[in-house]
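This report walks through one protein model.

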Amino acid sequence: MKHLLSIILLALTALTLASCDESTGKPASSNRPYQVLLVGDRDGILYHELTAPVKGLPQPEPHFDVTSADDIRGTNAPWQKLTRSIVAVVIDKRAKDTHMALQRDVYAKPQLILTITAPSVASLRRYVADRRGSICRILDAFELGCQKRALKTHHNEDFDKKIHLMFGIDMLIPVEMQSSKEGKDFLWLSNNQNEGLQNICVYRVKDNGRSFLQVRDSVMKANIPGEKDGMYMETTAVCKDNAYKGTAFYRGIWDMKGDAMGGPFIAIELRQASFIIYIEGFVYAPEDKKRNKVRELEAVLYTAKATGQDKK
């Protein structure tokens, strides 16, 4: 429990750091999301942790894109210092125990530097094993904070208002979302790109005990048909992930029945009086990697909050 509380506090701290808007006079950090500069990891312990496969994607993709360096304090590649996320490993025999520290905006802004100091390699290995996934969660929180801050600056106000009027929800929609389709208690938004298609769906149903899988398949069949009769979106896999601020969160894979289309999706649920509102993001990018596209939508979903006004 003590380890869990420490992880939660560090993740919340990372999210807070990413949300700060102080003037530091530092250069802008690298804008490549989910790239990590790993310093001093000579035994590859942190590398394996950071490159573990992401959950919920149709093909394996690493959690982060990792580049390595022995030491950046005197590096001949100053651009490395501008990396948005840096993880540094320090083996110091004088250290009494293994511990983690966070710093922000040291070389650039926004930037998070996570330093793990250990008295030995064996101690470092135990520390990482005991907190499996915690470092990735801290870095994820920081990246989500960066993306949410960008959304606050640039978002589609027309679609923000439409969602509020239809569902009584406040959320920030990316400016790239320019297409929409409405149905009964249903709204579909899309960037309508030929490559890297990103979509957001918001739909409301009566809270009558049906599972998310049952609701999703019913709603998508009615609202997202394929090119020919008998084609429609369906769910091929779904799992309930860690809740975000008490909100149920789902990851899964969709496909188009009778067609070769498919891809990953994520969804959250919000409760509103006697209704449940599901907000979903799904991706279709057959030729591209999908990790960052899904995470961009995840940041969008995390801006959603019910206003307490039931628009039904």
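## Overview

Helices (H or I, at least four residues) and strands (E, at least two) are DSSP runs, numbered from the N terminus. The protein has seven helices and 14 strands. This is a predicted model: local features need pLDDT of at least 70, side-chain atom pairs count only at pLDDT 80 or more, and totals for chains, interfaces and linings use all residues. Residues are numbered from 1 along each chain as its sequence is written, and side-chain values use heavy atoms, with hydrogens and water left out.

Of the 312 residues, 51% are buried. Buried means under 20% relative accessible area, exposed over 50%, and partly exposed in between (1.4 Å probe, protein chains only). A contact means heavy atoms within 4.5 Å. Among contacts with a separation of 6 or more, 61% join residues 24 or more positions apart.

## Helix α5

Helix α5 spans residues 157–167, and its buried residues are F159, D160, I163, M166 and F167. They sit on the same side of α5 because they cover an arc of only 140° around the axis. That arc is taken from the directions from the helix axis to the C-beta atoms. The face turned away from the buried side carries the exposed residues D158, K161 and L165.

After α5 comes G168, with a positive phi near 70°.

## Q111 in its loop

Q111 lies in the loop between β4 (99–104) and β5 (112–118). Is Q111 buried or exposed? Q111 is buried, with a relative accessible area of 1%.

Polar contacts are pairs of N or O atoms within 3.5 Å; within protein, one must be able to donate a hydrogen and the other to accept it, and residues adjacent in sequence count only if both atoms are side-chain atoms. A polar atom of the Q111 side chain lies 2.6 Å from the backbone oxygen of K81. The backbone oxygen of T83 is 2.9 Å from a polar atom of that side chain. Leaving out residues up to four places away in sequence, Q111 touches several others, among them L82, R84, I86 and F142.

## The cavity

On a 1 Å grid over the protein atoms alone, a cavity is a set of points where a 1.4 Å probe fits but cannot get out, and a pocket is an open set with protein on both sides within 12 Å along at least five of seven lines; lining residues have an atom within 4 Å of a point. Grid points are joined across faces, edges and corners, and a volume is the space filled by probe spheres set on the points.

How many cavities of 30 Å³ or more does the whole structure hold? The search finds one. The largest cavity has a volume of about 40 Å³. Its lining includes V205, D207, R210, V215 and Y278. Strands β9 (197–206) and β13 (275–284) each supply at least two lining residues.

## The second largest pocket

The second largest pocket holds about 520 Å³ of space. Of its 23 lining residues, Q147, A150, L151, E176 and E296 are the closest to its centre. Helices α4 (134–153) and α7 (291–301) are the elements that give two or more residues to this lining. The largest share, five residues, comes from α4.
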